[in-house]
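Hi,

Here is the structure I promised to pass on. My notes follow below it.

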Amino acid sequence: MRPLRILTWHIHGSYLYYLTQAPHEFYLPVKPGRPEGYGGRAGNFRWGENVHDVPAEEVRNQSYDAILFQSHKNYLEDQFEILSPEQRKLPRIYLEHDPPRETPTDTRHPVDDPEVLLVHVTHFNDLMWNSGRTPTHVIEHGVTDPGLTWTGEKARGLTVVNGLQKRGRRLGADVFERVRAEVPLDLVGMESQAAGGLGNIPLADLPAFAAPYRFFFNPIRYTSLGLAVCEAMMLGMPILGLATTEMATAVQNGVNGYVDTDVQKLVERMRHLLEDPEEARRLSAGAREVARERFSIERFARDWDATFREVAGRGALVGGAR
């Protein structure tokens, strides 16, 4: 079967990089200055030859097999600006990266169309969004194996969150500060210097940087399961975090780390791991095993391949798609 031609926007760089491991051709609209959604092959990623930049004004003149929306703006505004009327009738998928904000149980999703497939990245998100008549599907995260593993000789914890200070309580800025006051803990990510962090580490360099840290701490209260958690788990880092959202199923206490809603209990677990490298090593083995089983890039690519082909095959393709 030939690769499909997928048009999508650059919304979350790391996720887009992993998505493009699926065996298809991806076309990313770009605009001068690369504003939100129009960054194309930007960032510190090793984009494959199957990822193509397309000037936004040329999108309507090309053919595609499916459209993949990744933000409310893509769906409510961008498609009407850059797609032709025929292209807006193509097979469509909406990839929802986040849980609902306004209320965790009663927020209606902006997509209300039985002809659009709404893909969630966690079962928690699928559970919480009110998706109405729109069909839903879950494709859990997948990350590449970094080719090296955790060593854990550094008696410190590591947190990876972008823009932690400005994103506040939802991302657990206060939780991070509370824990850092009691346990040696470093922060990396975009704009992390504002919170006393070490700055951003490119995705390709992060595994080698993270490997010596004793454990990974995720302070986030309420968001999707972070790719940084999956990446750390694939590296073999013991994972500690709050027992909320999908973290409650991704981390099994005593197997690949610990989750709790009692922050002080997490602090105690961290102190124990700092004092007992062998316990951390046991959890590291569990982390690798869970990650390989649940978050492998091979499973992720297969899931997306099957979903793209199912959606693209539902009806006659229009708009010149081959």
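T122 sits in the loop that joins β6 (116–120) to α3 (123–128). Helices (H or I, at least four residues) and strands (E, at least two) are DSSP runs, numbered from the N terminus.

Before more detail, the ground rules. This is a predicted model: local features need pLDDT of at least 70, side-chain atom pairs count only at pLDDT 80 or more, and totals for chains, interfaces and linings use all residues. Residues are numbered from 1 along each chain as its sequence is written, and side-chain values use heavy atoms, with hydrogens and water left out.

T122 has 2% relative accessibility, so it counts as buried. Buried means under 20% relative accessible area, exposed over 50%, and partly exposed in between (1.4 Å probe, protein chains only). Leaving aside neighbours within four places in sequence, T122 is in contact with V138, L225 and E246. Contact means heavy atoms within 4.5 Å.

**Pockets**

The definitions are grid-based. On a 1 Å grid over the protein atoms alone, a pocket is an open set of points with protein on both sides within 12 Å along at least five of seven lines. A cavity is a set of points where a 1.4 Å probe fits but cannot get out. Lining residues have an atom within 4 Å of a point. Grid points are joined across faces, edges and corners, and a volume is the space filled by probe spheres set on the points.

The largest pocket holds about 1,100 Å³ of space. Its lining has 42 residues, and the closest to its centre are H12, S14, N162, R167 and M190. By class, the lining has 19 nonpolar, 16 polar and seven charged residues. Ala, Val, Leu, Ile, Met, Phe, Trp, Tyr, Cys and Pro count as nonpolar; Asp, Glu, Lys and Arg count as charged; the others, Gly among them, are polar.

The largest share, four residues, comes from α7.

α7 is mostly covered: nine of its nine residues are buried. Among them are C230, E231 and M234. Just after α7, G236 takes a positive phi of about 100°.

The second largest pocket holds about 440 Å³. It is lined by 19 residues, and H12, S71, H72, D98 and R101 lie nearest its centre. Its lining divides into five nonpolar, eight polar and six charged residues.

**Cavity**

The structure holds one cavity of 30 Å³ or more. The largest cavity has a volume of about 40 Å³. Its lining is N218, I220, T223, S224, L225, G226, V229, T245 and M247. That makes four nonpolar, five polar and no charged residues.

**Aromatic pairs and charges over rings**

How many aromatic pairs are there? The structure holds 13. Rings of Phe, Tyr and Trp (its six-membered ring) pair if their centres lie within 6.5 Å; planes under 30 degrees apart count as stacked, over 60 as edge-to-face and the rest as tilted.

Y15 and F300 have ring centres 5.6 Å apart and planes at 80°, so the pair is edge-to-face. Y15 lies in α1 (residues 13–19) and F300 in α11 (residues 297–312), so the pair ties together parts 285 residues apart in sequence. Both Y15 and F300 are buried.

F26 and F308 are also edge-to-face, at 6.0 Å centre to centre and 65° between the planes. F26 lies in β2 (residues 25–30) and F308 in α11, so this pair ties together parts 282 residues apart in sequence. Both F26 and F308 are buried.

W9, F69, Y75 and Y94 form one aromatic cluster.

Two charges to note. K31 lies over the face of Y38, at 4.3 Å from the ring centre. The charged end of R269 sits over the ring of Y258, 3.9 Å from its centre. The test is NZ of Lys or CZ of Arg within 6 Å of the ring centre and within 35 degrees of the ring normal.

**S296**

S296 lies in the loop between α10 (277–294) and α11. At 11% relative accessibility, S296 counts as buried. Not counting residues up to four places away in sequence, S296 touches G142, V143, M234 and A291.

Best wishes
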